[in-house]
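Hi there,

Here is the structure I promised to pass on.

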Amino acid sequence: MNNYLMHIHGEWVGEELDTLSVTNPANGGQVGTVPNGGKAEAEKAIAAAHVAFEPWSRLTAYERAEYLKRWHQLLLDNEEELAQLMTLEMGKPIHESRGEVKYAASFIEWFAEEGKRIYGETIPTHVSGKRLQVWKKPVGVVAAITPWNFPAAMLTRKMGPALAAGCTVVVKPSSESPLTAIKLMELCEKAGFPKGVVNLVTGSSTKIAKEIMENEKVRKITFTGSTEVGKILIRQSADQVKRLSLELGGHAPLIVLDDANVDVAVKAVMASKFRNAGQTCICANRIYVQSGVYDQFVKKFANAVEKLKVGNGVDESVDIGPLINKAGLDKVERHVRDAVTKGGTVVTGGKPITNDGGVFFQPTVIKDVDQTMVMMQEETFGPVAPIQKVESEEEAIKLANDTPYGLAAYVFTENVARGTRVIEQLQYGIVGWNDGAPSAAQVPFGGMKQSGIGREGGHEGIDAFVESQYVSIGME
Ligand code: SIN
């Protein structure tokens with residue numbers, strides 16, 4: 001077990017502080033400790049990022065890209081070490097952790113190049129003797145608050161564009177899984193980033209976030225997490241009109257229509273629903289299947305789910321790891337109990353597994369569910385797939401949109417006109433059409449309604465870290 005440190009102004013610090021333990025959710029064992037930092041450490045990290053901003057932003061995009069490319073290569077070279085650590089600290093099956101390291105690296109590679117394409121504009125003038133231009137400037141010091149469920153990819157999806165645009169960064173990783181983020185900082189150090197360009201603080205979320213929100217040097221917050229916390233950040237950002245990018249909760253509907261290829265749908269739902277034990281913001285949370293294929297879908301899906309192996313993610317053959325903690329497990333149990341009490345039928349699974357100190361839940365399929373059940377109203381964040389029968393495409397759309405969330409939705413139909421018509425009516429920022437795995441570095445990821453503000457990834461992902469400066473030039 002290692003005692004990890006914070007990274008501020010190019011130094012590893014925090015040895016003198018109390019520590020927080022990071023535990024393995026597969027067995028309750030201690031994986032490492034991190035310093036329990038607070039206001040003072042956040043302030044130092046912000047000051048370091050502030051001093052580093054001027055010289056970093058003055059580098060050319062091509063020079064910044066060289067640092068990012070070195071970091072990208074180091075991520076790939078250290079895939080196995082990062083993946084093992086990720087699985088230990090948050091439980092994801094090892095093959096998924098390896099996939100996440102590649103996914104994380106892809107953001108760095110993509111944004112290293114995209115930084116070279118932050119173009120300004122020349123606008124035709126309305127009077128002679130003037131030139132009207134728009135220049136693009138990095139927004140300033142960025143605070144990136146990252147979640148436990150994708151400890152590498154959510155960090156690089158924020159840091160890649162921020163650094164490429166010329167911003168400097170203070171990262172606050174989740175206290176559930178900060179170790180992967182710390183390893184990524186070690187790799188930044190190896191990549192040679194100048195002191196203060198990348199900083200990381202661990203410890204009390206409340207104290208660190210308070211300093212981030214109150215410190216005028218921080219110009220932008222980028223956050224992935226719950227809608228509840230997102231709303232607090234919106235309120236706290238008001239005083240200083242800080243820029244915000246928020247990737248918040250989802251409650252993804254997945255619609256299987258009568259003309260779907262059921263085998264394709266089953267394969268895609270397996271990928272979407274059970275990735276990271278159902279602990280992703282975009283995983284299918286409620287499944288609506290049209291009556292003509294309902295029985296066939298339930299049978300084939302349940303057969304596939306029964307083959308999933310649950311266990312400690314370090315075992316290469318495991319498909320479903322633990323939930324992140326006991327609170328996560330309790331929530332899943334509560335949702336299942338509620339559905340069963342209200343008439344849902346468990347087709348497979350339905351029970352917690354808490355042997356060996358781990359917090360696991362059986363991969364579960366529940367049919368005959370309806371909108372009165374909590375799992376059809378709230379994100380479950382666990383390996384539970386509720387299936388509701390619908391009679392028509394209109395009913396499916398109405399139910400799908402009946403939520404304050406709007407992150408991701410999925411539609412399965414082989415009919416192009418029907419698919420187009422359905423998607424046009426879905427109020428979701430991301431739609432998978434016959435596809436359960438829509439994420440990629442080059443596409444805009446983010447939600448409508450209460451699922452967030454802004455987009456990460458793609459060219460919109462870098463826009464979030466630049467400001468337009470309109471310049472009117474008198475030429476006479
Ligand atoms: C998330 O769950 O927030 C991220 C999932 C992804 O990037 O695919």
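Where is the place of Asn434? Asn434 sits in the loop between strand E22 (430–433) and strand E23 (448–449); helices (H or I, at least four residues) and strands (E, at least two) are DSSP runs, numbered from the N terminus.

Before the rest, a word on the basis. This is a predicted model, in which local features need pLDDT of at least 70 and side-chain atom pairs count only at pLDDT 80 or more, while totals for chains, interfaces and linings use all residues. Residues are numbered from 1 along each chain as its sequence is written, and side-chain values use heavy atoms, with hydrogens and water left out.

**Backbone**

Asn434 has a positive phi of about 55° although it is not a glycine. Asn434 is partly exposed, with a relative accessible area of 27% (buried is under 20%, exposed over 50%, partly exposed in between, using a 1.4 Å probe and protein chains only). Ala277, also not a glycine, has a positive phi near 55°. Ala277 belongs to the loop between helix H9 (262–274) and strand E14 (284–290) and is buried, at a relative accessible area of 2%.

Helix H5 (residues 153–165) spans 18 Å from its first C-alpha to its last over 13 residues, close to the 18 Å expected (1.5 Å times one less than the number of residues). Of its 13 residues, 13 are buried, so H5 is largely enclosed by the rest of the structure. Just after H5, Gly166 takes a positive phi of about 105°.

**Pockets**

On a 1 Å grid over the protein atoms alone, a pocket is an open set of points where a 1.4 Å probe fits, with protein on both sides within 12 Å along at least five of seven lines; lining residues have an atom within 4 Å of a point. Grid points are joined across faces, edges and corners, and a volume is the space filled by probe spheres set on the points.

The largest pocket has a volume of about 1,200 Å³. Its lining counts 39 residues, with Trp148, Phe223, Gly225, Ser226 and Val229 nearest the centre. Helix H8 provides the largest share of that lining, six residues.

The second largest pocket holds about 280 Å³ of space. It is lined by 13 residues, and Arg64, Ile118, Lys136, Pro138 and Ala165 are the closest to its centre. Strand E7 gives the most to this lining, with three residues.

Happy browsing!
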